[in-house]
Amino acid sequence: MHTRHFQYKNRWFCYLDLLGFTDIVRSAEAGQVIDLYEDAIAKLEAGASAKRSLGISYSWFSGTFIIFSRGDSLEEFALLEQAGRLFFQRLILARIPARGAISHGKLYSNLEKNIFIGEALIEAYE
């Protein structure tokens, strides 16, 4: 078995869910779902993409959006909190209900393969 070195370290983590997304997918036309989803992604990118060079990353799957830091400094917390707050505000102003949380803890991330594992993810989800 091949052992790899990976970084499982303390980070800031923001977890946001679109409320009612499952019901929308089941009851709406595909075009409505795709429009909603593309709108949410555009709002996420508007709030977080400028912070990528400062160590803030993001991803999404289904109705879940995540933003996380490279490390656990107070500066990274401020950047992550701002990106998450802006995204949340844009969703609410667009009448897209959402909920979310920010946590701190161990996280492994691999953006290329969309792998996210760790206590920080579980705590924010719960």
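**Strands and cores**

Analyst: Asn110 stands opposite Ile115 in E5. This is a predicted model, in which local features need pLDDT of at least 70 and side-chain atom pairs pLDDT 80 or more, while totals for chains, interfaces and linings use all residues. Residues are numbered from 1 along each chain as its sequence is written, and side-chain values use heavy atoms, without hydrogens and water.

User: What makes E4 and E5 a pair?

Analyst: Two strands pair if DSSP finds at least two bridges between them. Strand E4 (residues 98-110) and strand E5 (residues 115-117) have 3 bridges, in the antiparallel sense, so they pair. A strand here is a DSSP run (E) of at least two residues, and a helix a run (H or I) of at least four, numbered from the N terminus. The two strands form a hairpin with 4 residues between them, and Asn114 in the turn has a positive phi of about 55°.

User: How do you know that E1 and E4 pair?

Analyst: They share 10 bridges in the antiparallel sense, and at least two are required, so they pair. Trp12 stands opposite His104 in E4.

User: Why is a set of residues called a nonpolar core?

Analyst: Because its members are buried Ala, Val, Leu, Ile, Met, Phe, Trp, Tyr and Cys residues joined through side-chain atoms within 4.5 Å. Buried means under 20% relative accessible area (1.4 Å probe, protein chains only), exposed over 50%, partly exposed in between. The largest core has 23 residues, and Leu18, Leu44, Phe65, Ile67 and Leu91 touch the most other members. Helix H2 (30-48) is one of the elements that supply at least two residues; H2 gives the most, 7.
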